[in-house]
Amino acid sequence: MELVAEAQVLAEKSGLGSDVLEGLLEEQYGPLLTSMSKRMTGGFYLPERGQRPWSDVNLAIKDVSLGVSCAEGAGTDLPIARVVLDHLRAARGYGEDNGRALDSSSMYGVLRERAGLEFESERVKQRDAGGSDAS
């Protein structure tokens, strides 16, 4: 999910577009990565106010933390998992600051911010303003 989020931010910043990237993901990697991507670009990473996420960010933090601890206990490290954990914790902070429940894919919003975009995509803004849903 981290890599798909990074790729989607690059697609937006470079002008490639999420539809082109999702076509590539579908063609090269199949439905799993494509569905992850659509969770992000469809706005599900930041559910509507009062709505529960499909997969809560806190559960993702717990699961990734368990993986990191398990690796430490086995005498190894999971450097990518540590990056993911940092992004998930930052996303949780955004949710807490803004009174929003976040999905485990919410690292997408953090990566957007770190790339100079807003946490909330245009699709999320339109949906929350009542102009369009995220489906």
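**Notebook: helix packing and buried residues**

H4 passes H5 in a left-handed crossing. For the handedness I used this rule: left-handed if the near helix is turned anticlockwise from the far one by less than a right angle, right-handed if clockwise. Helices here are DSSP runs (H or I, at least four residues), numbered from the N terminus.

Before going on, I noted that this is a predicted model, where local features need pLDDT of at least 70 and side-chain atom pairs count only at pLDDT 80 or more, while totals for chains, interfaces and linings use all residues. Residues are numbered from 1 along each chain as its sequence is written, and side-chain values use heavy atoms, with hydrogens and water left out.

**Entry 1: H4 and H5**

I looked up the axes of H4 and H5: they come within 10 Å and cross at roughly 155 degrees. The axes are lines fitted to C-alpha atoms, for helices over the stretch in contact, with angles from 0 to 180 degrees between N-to-C directions. H4 and H5 are therefore roughly antiparallel to each other. The classes I used are under 35 degrees for roughly parallel, over 145 for roughly antiparallel, 65 to 115 for roughly perpendicular, and oblique for the rest.

Next I listed who touches whom, with contact meaning heavy atoms within 4.5 Å. From H4, Val57, Asn58, Ala60, Ile61, Val64, Ser65, Val68 and Glu72 meet Ala81, Arg82, Val84, Leu85, Leu88, Arg89 and Arg92 of H5. By class, the residues of the contact of H4 with H5 are nine nonpolar, two polar and four charged.

**Entry 2: H2 with its neighbours**

I checked H2 against H3: the axes come within 7 Å and cross at roughly 160 degrees. H2 and H3 are therefore roughly antiparallel to each other. On the H2 side I found Ser18, Glu22, Leu25, Glu26 and Tyr29, and on the H3 side Pro31, Leu33, Thr34, Ser37, Lys38 and Thr41. The contact of H2 with H3 has four nonpolar, four polar and three charged residues.

I see Val4, Ala7, Gln8 and Ala11 in H1 meeting Ser18, Leu21, Glu22 and Leu25 in H2. The residues of this contact of H1 with H2 divide into five nonpolar, two polar and one charged.

Leaving out residues up to four places away in sequence, I get Val57, Ala60, Ile61, Val64, Ser104 and Met107 as the contacts of Leu88.

**Entry 3: H6 and Arg112**

H6 is mostly covered, with six of its eight residues buried. Buried means under 20% relative accessible area, exposed over 50%, and partly exposed in between (1.4 Å probe, protein chains only). The buried ones in H6 are Met107, Tyr108, Gly109, Val110, Leu111 and Arg112, and they pack against H1, H3 (31–41) and H5. After H6 comes Gly116, whose phi is positive, near 90 degrees.

I stopped at Arg112: at 3% relative accessibility, it counts as buried. Not counting residues up to four places away in sequence, Arg112 touches Val9, Glu12, Tyr45, Leu117, Glu118, Phe119, Glu120 and Ser121.

Gln8 sits in H1 and counts as buried at 1% relative accessibility. Beyond residues up to four places away in sequence, Gln8 touches Ser18, Leu21, Glu22, Ser37, Thr41 and Tyr108.

Gln51 is in the loop between H3 and H4 and counts as partly exposed at 46% relative accessibility.

Ser105, in the loop between H5 and H6, is buried with a relative accessible area of 0%. I found its C-alpha atom separated by 8.3 Å from that of Leu88, 17 residues apart along the chain.

Definitions and conventions
Helices (H or I, at least four residues) and strands (E, at least two) are DSSP runs, numbered from the N terminus. Ala, Val, Leu, Ile, Met, Phe, Trp, Tyr, Cys and Pro count as nonpolar, Asp, Glu, Lys and Arg as charged, and the others, Gly among them, as polar.
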